[in-house]
Amino acid sequence: MIISTMSIFVDDQQRALDFYTGPLGFVPQQDIPLGGPYRWLTVSSPEHPDGVQISLEPAEHPAVAPFRDALVADGIPFTSFTVADVGAEYQRLRDLGVVFTQEPLQQGPLTTAVLDDTCGNLIQLAAMEE
């Protein structure tokens with residue numbers, strides 16, 4: 001058994017696609033109309049295009065808003081992406097206008113930063129020193 005897809009609930013699928021494929025640099029994978037305004041919309045890492053896909057899920061279910069609001073209010077990222085160098089990625093993304101809620105922070109061998117994905121989520125960038 002392998003993980004093929006993980007979901008991130010988003011306020012607006014097109015804005016999410018633009019952000020995840022723009023500043024974050026993910027690659028579009030699936031874009032299938034589902035009737036009405038919804039799509040089966042996935043992206044993946046350009047470093048692992050055949051790896052795990054992120055489904056940019058509409059945040060329509062009534063349980064989603066309170067869950068995400070509580071995470072954001074407490075500053076808790078919804079998920080984490082591994083990068084080679086958090087400081088360099090932080091600077092690159094800041095230069096592109098990405099808003100961070102946590103600047104790079106070293107915690108032992110782990111360095112993290114947290115960004116706002118413009119679609120209702122906080123996302124952590126993380127790197128482990130070897």
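Author: A strand here is a DSSP run of E with at least two residues, numbered from the N terminus. The model is predicted.

Reader: Where does Thr118 lie?

Author: Thr118 sits in the loop that links strand S7 (110–116) and strand S8 (122–128).

Reader: Why does Thr118 count as partly exposed?

Author: Its relative accessible area is 37%. Buried means under 20% and exposed means over 50%. The value for Thr118 falls in between, so Thr118 is partly exposed.

Reader: What is the phi of Thr118?

Author: Positive, about 70 degrees, although Thr118 is not a glycine. Most residues other than glycine have a negative phi.

Reader: Why is Trp40 called partly exposed?

Author: Trp40 has 32% relative accessibility. Trp40 belongs to strand S3 (residues 39–44).

Reader: What is the order of the strands in the open sheet?

Author: S1-S4-S3-S2, four strands with mixed pairing.

Reader: Why do strand S1 and strand S2 stand at the edges?

Author: Strand S1 (5–10) and strand S2 (27–33) each have a single partner strand, so one side of each has no neighbour in the sheet. Neighbouring strands are turned by 25 degrees against each other on average, direction ignored. Helix H1 (residues 13–21) lies across S1, S2, S3 and S4, at about 10 degrees to S3.

Terms used
Residues are numbered from 1 along each chain as its sequence is written. This is a predicted model: local features need pLDDT of at least 70, side-chain atom pairs count only at pLDDT 80 or more; totals for chains, interfaces and linings use all residues. Side-chain values use heavy atoms; hydrogens and water are left out. Buried means under 20% relative accessible area, exposed over 50%, partly exposed in between (1.4 Å probe, protein chains only). Two strands pair if DSSP finds at least two bridges between them. Axes are lines fitted to C-alpha atoms, for helices over the stretch in contact, and angles run from 0 to 180 degrees between N-to-C directions. Contact means heavy atoms within 4.5 Å.
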